[in-house]
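The report below is meant to be read alongside the sequence and the coordinates. It moves from the whole chain to individual residues.

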Amino acid sequence: MPTELAPGTVGNLTAEQEVKLQEFWVLLLKIFGIKLDGVESTTKEAPPSTPQEKKKQPKRMFGLFGRGNEVENDAASEKSTAGLSHNLASIQISDADDKYGQSKEFQQALVDMSPEEIRETFWSMVKQDNPDTLVLRFLRARKWDIQKALVMFISTIRWRLADVQVDNDIMKNGEQHALKQSQSSDSAEKKVGEDFLSQMRMGKSFLHGVDKLGRPICVVRVRLHKAGDQSQEALDRFTVYTIESARMMLVPPVETACIVFDMTDFSMANMDYSPVKFMIKCFEANYPESLGVVLIHKAPWIFSGIWNIIKGWLDPVVAAKIQFTKNVKDLEEFIPRDRIMKELDGDEQWEYKYVECDPEENKTMEDSAKRDELVAQRHELAKEIQDATIAWISASSKNDKEAAAAAKDKRKDLIERLRVQYWQLDPYLRARSLYDRLNVIQGDGKINFYSAESKSKGNAASSK
């Protein structure tokens, strides 16, 4: 485990970085439609813009938030958002800093999404994470430029809600939904389910173990991929599902993951640029500061030309995290030998084996009454965190150190309560996964890759 907190992370911020964090929260809370009493704006207020024709709102996802006291009413919210949108419309990001066209996505989010939708998507995105940890990822990725970080963050929120539906589809429905699809009489739906499950069953990529710094390890067996074996939609869904599953396994102070691309027996038949581009975009645009190290293991000589192409697509910061390893000794620089699978020439007697869904494993999700009760609790905790954030920023702006320290302590306690409460809510919102069935995700935030269940299933696979 890391002995020191990384610079620019929760608990290790400079005074200037803390001010940047507060300034980011001011803008974020405004976008949420929340009144900031006692906090001076860091941007000049523009007069309300000409009322726009009211657009038909997109279908609401299962709401984490109802219409609470933080927004006075619909009219006030729309008026506030109109003025804010006018302000933020002036943000200009050069093409060199907007590799994925996020400026357009940002502006579209302000038009298409209500403050409520942005706010509830944010808190759904937080999950068991510290909201500051989440925000700081984007600030670090944009070198503490608040406007650039805001554009990146809000466009990601839109991506999660509108483009891929991370929380209200991919994680909510999970593997059991894919299993039901695979049994459908509709050929198109059947293929969607089969394509997703085939990747899970073969173990094209999977999560197992931690490296020397406590980072969860994702192994990608490149030899198992062939373009055309599955639809692009199923492949993208599988990629997001794996990344989100890895997020569940980040135990503070660990914030990043280790990816091992196992190139054993790689051939040109395995090369497919589309999923590579999608994965790069995910990590650079939507999951910034999430990669600790990427190990390209046993790459054959034919990969050198391919690598020159891929390297040109990478942000230099991401490219710097990529290391090439040739043998188990090279892997040992990052992963202890007893945690390196036998498949990779290590000493760990564990093999990947997919454990099929239990038909009853998601019964808890049917208890809507308990779910609503826990959602209401989380709603209240999130509102308290927002209020404490405003108090912290207000006291800091007035240089009231005692009040700022008290608000900061209260806020820290509330954030911890939010983390604990998430794990109570989790079984009601997220379908169980392979990692729940292997008892890797044990509830209450406990993660154990080396549990008795996981070892026994791995040993069973090894003996076959």
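This is a predicted model: local features need pLDDT of at least 70, side-chain atom pairs count only at pLDDT 80 or more; totals for chains, interfaces and linings use all residues.

**Overall composition**

The secondary structure of the chain consists of 17 helices and five strands. When contacts between residues at least 6 apart in sequence are considered, 78% of them join residues that are at least 24 apart.

The five strands form an open sheet in the order β1-β2-β3-β4-β5, and the pairing within it is mixed. Its edges are β1 (205-210) and β5 (322-325), each of which pairs on one side only. On average, and with direction ignored, neighbouring strands of this sheet are turned by 25 degrees against each other. Within the sheet, β2 (residues 216-221) pairs with β3 (residues 257-262) in the parallel sense over five bridges, and Cys218 has Ile259 of β3 as its bridge partner. Helix α9 (residues 232-247) lies across β1 and β2 and runs at about 15 degrees to β1.

**Cysteines**

A disulfide is a covalent bond between the sulfur atoms of two cysteines. The structure holds zero disulfides, and for Cys218 the nearest cysteine sulfur, which belongs to Cys258, is 9.0 Å away. Cys218 counts as buried because its relative accessibility is 10%, under the 20% cut-off. Cys357, with a relative accessible area of 12%, is buried as well.

**Salt bridges**

Side chains of opposite charge can pair when their charged atoms come close. A search of the whole structure finds 35 salt bridges, and the table sets out three of them, with the separation given for nitrogen and oxygen atoms.

| Salt bridge | N to O distance | Relative accessible area |
|---|---|---|
| Glu244 and Arg247 | 3.6 Å | Glu244 0%, Arg247 11% |
| Lys298 and Asp345 | 3.0 Å | Lys298 31%, Asp345 40% |
| Lys370 and Glu373 | 3.6 Å | Lys370 31%, Glu373 39% |

Through shared partners, salt bridges join Lys127, Asp129, Arg160, Asp167, Glu244 and Arg247 into one network.

**Loops and backbone details**

Most residues other than glycine have a negative phi, and most peptide bonds are trans. Lys127, a member of the salt-bridge network, has a phi near 55 degrees, a positive value in a residue other than glycine. Lys127 is found in the loop between α4 and α5 and counts as buried, at 5% relative accessibility. Asn130 has its place in that loop, between α4 (115-126) and α5 (131-141), and is buried with a relative accessible area of 18%. Apart from its neighbours within four places in sequence, Asn130 is in contact with Val10 and Ile415.

Is Lys143, another residue with a positive phi, buried or exposed? Lys143 is exposed, with a relative accessible area of 67%; its phi is near 50 degrees, and its place is in the loop between α5 and α6 (146-163). A cis peptide bond, with omega about 10 degrees, joins Pro252 and Pro253, and Pro253 is found in the loop between α9 and β3.

Key. Residues are numbered from 1 along each chain as its sequence is written. Side-chain values use heavy atoms; hydrogens and water are left out. Two strands pair if DSSP finds at least two bridges between them. Helices (H or I, at least four residues) and strands (E, at least two) are DSSP runs, numbered from the N terminus. Axes are lines fitted to C-alpha atoms, for helices over the stretch in contact, and angles run from 0 to 180 degrees between N-to-C directions. Contact means heavy atoms within 4.5 Å. A disulfide is a pair of cysteine sulfur atoms within 2.5 Å. Buried means under 20% relative accessible area, exposed over 50%, partly exposed in between (1.4 Å probe, protein chains only). A salt bridge is a side-chain nitrogen of Lys or Arg within 4 Å of a carboxyl oxygen of Asp or Glu.
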